[in-house]
Amino acid sequence: MTDVPLSAPGATAAKARRRLNPTLARYLSAFRTPRGVVGLSILGVLVLAALLAPVLFPGGYDQQGPNALTGPSAQHIFGVDEFGRDIFIRSVYGLRVDLSLILTAVPLSMALGTLIGLSGAISEWLGAGLQRVLDVIIGFPGLILGVCLVAILGPGWLPLFLTILLGGLPTAGRQARSAWLTQQGREYVLAARVLGVPRRQLLVRHVLPNAMDAIVVNGAVWMVIGVYIEAGLSIVGLGVQPPTPSIGVLLNNGLRFVTQAPTYIIGPGVVLLLLSVGFSLLSDALNEAVNRR
Amino acid sequence: MIRFMMRKAPSVVFVLFASSIVAFALPRLAPGDVAVSLAGTDPTPANVAAIRGELGLDRSPVVQYWDWISGLFHGDLGQSYRLHRSVASLIGDRLESTVELAVFATLLVIVAGTVLGVLAGSTRRRWTRVTFDLGNSFLVATPAFLTALALILIFGVYHRWLPVSGEVSVLENPAIGIQYLTLPAVALALSPSGIVARLLQTEMTRVRNEDYVDLALAKGASAKRITLRHVLRNSFGTAVVSIGLEIGTLLAGAVIIESIFNRNGLGQLAVSSVQSRDFTVLQVLILGVVFVAVICQIVTEMVLATLDPRIRLGDQS
């Protein structure tokens, strides 16, 4: 990818801008900054590896070998685990769990949070009431919320998904609600209402754009936190259950053998770092793109 | 101060009430009948009914909630039906471990956060500042469990300087206890101290541009006096707030850290009670976390109010 100077976008970018919705084009411009490019490349490789895992390693993540707990070698670059399974293959399959959680739960959370934030437009009473519900969610620090959900549902994919989903609601909800509260009194919004602009159009055209930037950046930040929520809950043993691997499950297993095979946790640890660095760079790039005007 | 507290009371009571409802609802939302699972492998209807009567599950939820809450107020935390012990004694056994960890980590956050923040906020040299900023971003971005893994590999496995698993009570044997406590507390404290340091630094940079700092300079006050007396004192507000808020995060993080370092604290109790579906224990622990977090928040606001009369008297303007 060539470096296009930011002040003078190239011909392709100009063409793209003509066709695209300007807001969307602004978000996409984040991917042309150095951070955006690096972040997107890291995530691209990880997503591709996760998607292609069954093709690359048709043997699956459960194939056992003759050795156990040996360090990295040419054949097994992350080493093998307590059952002689290749840790690299398990990490790649583990990515499928992490990415499937984050890439579904976070966008859904932001969308739902936005709807909740805008619900004040239907009735002020409803908006304020839902805001109180979000306050209660904030009262439960990330992991405690997860512990409650696992207690109800039992460990697995679903409680992790719900923890990331519910945990992200309050911030998105507040951002959308504050946009609604500040815009609803403005003259142009009142004028549009008097002219009989339908409420849905009013929200989409006039209120939502004021909150969109903050919510998109917050969504990218929440993806990093989502990675940590999965890892944290899995490390204490409340994540996806074995033999299914996730990055957190691998760290949990590796910790048990940390004195015998210290290299066990390094591979999955690096994958976790790549995930969080990738999403962090993405959120930085989006933040930069949004604030550049 | 009393009027200030009165103004804060309704929201505090609401959060505590709502979280008590959530804690109370947990076992009732979970699938399966608690009484059936407690009755053993071959439950007879009579057996189940007896257990249900004993637990009070045959009464209305409102009565059950009232019994539970009024019990809590009288110091009766309930019984664990898995471990056949009172919840109070279970918690009492493990309280010391978690309190030691939390107190030590909080002290580290206060000391490290303040020192780093003041150092970064006092320097004007560009490269020193860049170094501090980079180091700080690294601290803030690394979650406690990753720090813990790195610390274990470096100081526990590679160098074997400090123990990485288990614990010794600091009260009984301070010399050994501190060794067991060091790695978990450092792991828990690093990220919050980065946050505190960053806030303090930003605030100090802002305050340094205020007119009264120029005045102090014109008066001939020494650089040290300006930093300590005029800048730092007026920057502490945000740092105090962030320390108060970080304690809640610290407690949640303790769950993971205790598990990684095999410390037998309240976090481990919470995890094992989730795994064995021991809801009477879990309910009390969850309510306890929220309670402590709320108390920390109130204390924070009281400290702030003492520092700043504008908050104490309320913004009437």
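Author: Before we start, a helix here is a DSSP run of H or I at least four residues long, numbered from the N terminus. This is a predicted model.

Reader: How do I describe two packed helices?

Author: You use the angle between their axes and the distance between those axes. Take H3(A), residues 34-56, and H4(A), residues 87-118: their axes come within 8 Å and cross at roughly 110°. Angles of 65 to 115 degrees count as roughly perpendicular, so H3(A) is roughly perpendicular to H4(A). On H3(A) the contact uses Leu46(A), Val47(A), Ala49(A), Ala50(A) and Ala53(A), while H4(A) brings residues including Val92(A), Tyr93(A) and Arg96(A). The contact of H3(A) with H4(A) has nine nonpolar residues, no polar ones and one charged.

Reader: What about H5(B) and H11(B): at what angle do their axes cross?

Author: Roughly 135°, and the axes come within 8 Å. H5(B) and H11(B) are therefore oblique to each other. H5(B) puts in Leu90(B), Ile91(B), Arg94(B), Leu95(B) and Thr98(B), and H11(B) puts in Leu266(B), Gly267(B) and Leu269(B). That contact of H5(B) with H11(B) splits into five nonpolar, two polar and one charged.

Reader: Where is the kink in H5(B) centred?

Author: On Arg94(B), with a kink of about 40°. Arg94(B) is also one of the residues in the contact with H11(B). As for length, the 36 residues of H5(B), 87-122, should span 52 Å at 1.5 Å a residue, and the end C-alpha atoms are 50 Å apart, which agrees.

Reader: Now the contact of the two chains. How many residues does it take from each chain?

Author: 30 from chain B and 27 from chain A. On the chain B side, the elements giving two or more residues are H1, H7, H10, H11 and H12 of chain B.

Reader: Which of them gives the most?

Author: H10(B), with seven residues. The side of chain B that touches chain A divides into 25 nonpolar, five polar and no charged residues.

Technical notes: Residues are numbered from 1 along each chain as its sequence is written. Chains are lettered from A and ligands numbered from 1 in the order in which they are written. This is a predicted model: local features need pLDDT of at least 70, side-chain atom pairs count only at pLDDT 80 or more; totals for chains, interfaces and linings use all residues. Axes are lines fitted to C-alpha atoms, for helices over the stretch in contact, and angles run from 0 to 180 degrees between N-to-C directions. Angles under 35 degrees count as roughly parallel, over 145 as roughly antiparallel, 65 to 115 as roughly perpendicular and the rest as oblique. Two residues are in contact if their C-beta atoms, placed from the backbone, lie within 7 Å. Ala, Val, Leu, Ile, Met, Phe, Trp, Tyr, Cys and Pro count as nonpolar, Asp, Glu, Lys and Arg as charged, and the others, Gly among them, as polar. The expected span of a helix is 1.5 Å times one less than its number of residues. The bend at a residue is the angle between axes fitted to the seven residues ending there and the seven starting there.
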